[in-house]
Amino acid sequence: MQANALFSTGGWRVVGRFVAVVAMVLAAGFAAPARAELEIDITSGNPQPIPIAITNFAGDNPNATQIGQNIAGVISANLERSGLFRPLEPAKFVQTPDSLKVGVRFADWRLIQAQGLVTGTVSQSPDGRTRIEFRLFDVTAGQQVTGLAYTVQADGWRRVAHIISDAIYKRVTGEEGYFDTRIVYIAESGPALQRVKRLAIMDQDGENHRFLTDGRTLVLTPRFSPSTQEITYLSYFNNRPRVYLFNIDTGRQEVLGDFPGMTFAPRFSPDGNKVIMSLATSGNSDIYTLDLRTRRQTQLTNHPGIDTSPSFAPDGSKVVFESDRGGTQQLYTMNADGSDVKRITFGQGRYGTPVWSPRGDLIAFTRLAGDKFYIGVIRPDGTGERLLTEAYHVEGPTWAPNGRVLMFFKERPSGQGGKQRQAKLYSIDLTGFNERQVLTPTDASDPAWSPLIP
Amino acid sequence: MRFKMLSLVAVAVLATACSSKPEQTAQATTGGTVAAPAAPAKPSGPVPGSAEDFIVNVGDRVFFGFDKFDLTPEATATLDRQANWLKTYKSVTITIEGHADERGTREYNLALGERRANSVKNYLTAMGVEAARVQTISYGKERPQVVGSNEAAWTQNRRGVTVIN
């Protein structure tokens with residue numbers, strides 16, 4: 001079955017190709033670098049953010065100059081939001097973009113306490129192709145530590161700014177970045193008793209926002225495929241709640257499998273070849289996989305309890321899920337074939353929405369205890385539980401691709417007299433610090449963070 | 001409890017009788033005969049066999065405890081009346097909606113709503129309503145009846161609703 005394509009989609013793949021083809025490393029122009037000072041350990045507590053100067057990229061024409069300012073703005077916002085960098089006030093900068101092309105006066109940048117310095121250029125050829133170069137300097141050590149060049153169409157600058165942000169993040173933290181990513185989520189509008197829910201997608205920083213469905217059909221729980229080109233989600237199309245596939249390139253929607261009841265709680269396998277989900281028949285929910293190539297359905301759990309919210313380990317060998325087979329909602333792991341089921345949570349209250357970190361080391365979850373909801377993480381063997389944030393209602397964590405940052409949604413209690421409830425997206429560092437609202441045009445829930453865009 | 005469900009018109013008509021002899025109308029619908037409204041014509045009462053008749057004179061919903069899907073005695077009393085009504089109007093088909101309150105996670109509540117809808121379905125079919133006439137759908141916490149972050153609202157939102165198709 002196929003529903004209507006409601007929106008056409010933009011040319012992300014095209015941009016991607018241009019970026020991928022021509023990225024190249026810029027030589028540092030120095031001898032082998034000495035040990036760099038520009039490093040930050042993000043695994044311990046709440047690190048002091050690194051002061052960094054992000055200068056406007058120098059353009060070779062007025063349009064390129066504007067692009068150069070925009071790039072600096074995007075990089076600055078990305079790094080600031082991470083909580084690991086403190087972009088310095090541009091009014092204090094000691095060199096202009098053009099003078100930086102001649103040479104960096106490290107001693108002057110040290111005077112304003114800059115530890116990192118980002119410079120760049122934007123040059124355009126008559127056919128509109130735009131070459132963007134950037135360099136990251138370790139001011140303390142007085143040397144370039146990384147540099148890259150990209151050639152894109154003029155409107156590809158934003159994505160290059162995210163790729164540069166990731167390169168800076170990686171060079172300084174030693175971890176992969178997460179800025180060249182997107183978020184799919186459920187946009188909510190209307191009064192609480194007639195809530196309209198739409199699939200929506202945006203860049204990780206809220207830009208390039210667009211709605212993927214029109215709100216006539218209730219949709220829930222979208223999740224990205226590893227390729228980032230497809231989304232699996234729950235749709236109430238024709239009042240038959242079923243798991244669907246949405247192709248972002250074509251706008252095509254397709255029901256997944258031929259199941260005799262409600263299917264829900266879908267997620268892709270790490271190789272993208274399967275979707276794991278729950279099927280409810282006669283009131284009982286068990287976990288199944290659907291092979292997207294053969295369309296073969298395989299039942300993994302067979303228990304009268306509720307088994308749902310399955311999530312694969314990144315190597316595909318195990319699955320974490322929630323079940324109330326022990327009396328209340330708790331987390332369990334099992335092998336990918338359904339064998340060797342082990343309970344991993346034993347704390348007070350209820351545990352749900354487990355999602356395995358892309359690094360494999362942790363499982364994030366929602367916990368309900370007393371009259372509060374929590375977002376937390378636990379090791380796959382059930383040790384090391386840590387709660388990161390709490391509220392009247394927080395739910396549904398999703399991992400940034402580097403496994404260092406989580407996004408979730410938070411709802412305020414509705415007031416007396418029918419005051420509308422508010423739902424918003426938030427991100428938080430794995431350390432429990434740097435909780436921030438993720439701005440969306442409307443109320444928002446059920447976020448899913450994409451992998452890095454290929 | 002079923003008097004809460006009376007429409008405003010019916011409440012107005014019955015206002016004086018209500019406190020003294022509530023059993024009269026109860027017998028009319030649960031006595032097994034066709035629920036012909038009491039002889040004195042009530043010009044604007046629900047048409048027998050209609051969805052409005054079902055909601056007003058039978059009661060279209062039952063309520064559940066927190067994270068529960070078993071039927072309370074109050075719920076089975078309502079479902080007994082539903083079963084009788086459905087056995088009277090044999091052409092009617094129904095969809096049972098299962099709902100949850102907001103104090104749970106989304107996917108678990110979808111599963112819980114499915115359980116609740118099936119609790120209602122199983123009871124009705126055990127009472128002789130043909131299974132082929134009964135569909136179920138779970139809305140989890142997506143379709144609250146009452147807005148409010150308090151026990152009074154949650155109690156009304158944990159429900160199974162029998163909808164006449």
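I started with strands S14 and S15 of chain A: S14(A) and S15(A), residues 253-255, pair in the antiparallel sense over three bridges. This is a predicted model, so I'm reading it as such. For one bridge I looked up A:Phe246, and found its partner in S15(A) to be A:Gln253. The hairpin these two strands make has five residues between them, and A:Gly251 there takes a positive phi near 80°.

Next I went to the other neighbour of S14(A). S13(A), residues 230-235, pairs with S14(A) in the antiparallel sense too, over six bridges. A:Thr232 sits opposite A:Leu245 of S14(A). This hairpin has six residues between its strands, and in the turn I noted A:Asn238 with a positive phi of about 55°. I also checked how covered S14(A), residues 242-247, is: five of its six residues are buried.

Then helix H5 of chain A, residues 157-173. H5(A) is mostly covered, with 15 of its 17 residues buried.

Helix H4(B), residues 73-88, reaches 23 Å from first C-alpha to last, close to the expected 22 Å. Its buried residues include B:Leu79, B:Trp85 and B:Leu86.

Last, chain A overall: I counted five helices and 32 strands. Of its 454 residues, 56% count as buried.

Methods. Residues are numbered from 1 along each chain as its sequence is written. Chains are lettered from A and ligands numbered from 1 in the order in which they are written. This is a predicted model: local features need pLDDT of at least 70, side-chain atom pairs count only at pLDDT 80 or more; totals for chains, interfaces and linings use all residues. Side-chain values use heavy atoms; hydrogens and water are left out. Buried means under 20% relative accessible area, exposed over 50%, partly exposed in between (1.4 Å probe, protein chains only). Helices (H or I, at least four residues) and strands (E, at least two) are DSSP runs, numbered from the N terminus. The expected span of a helix is 1.5 Å times one less than its number of residues. Two strands pair if DSSP finds at least two bridges between them.
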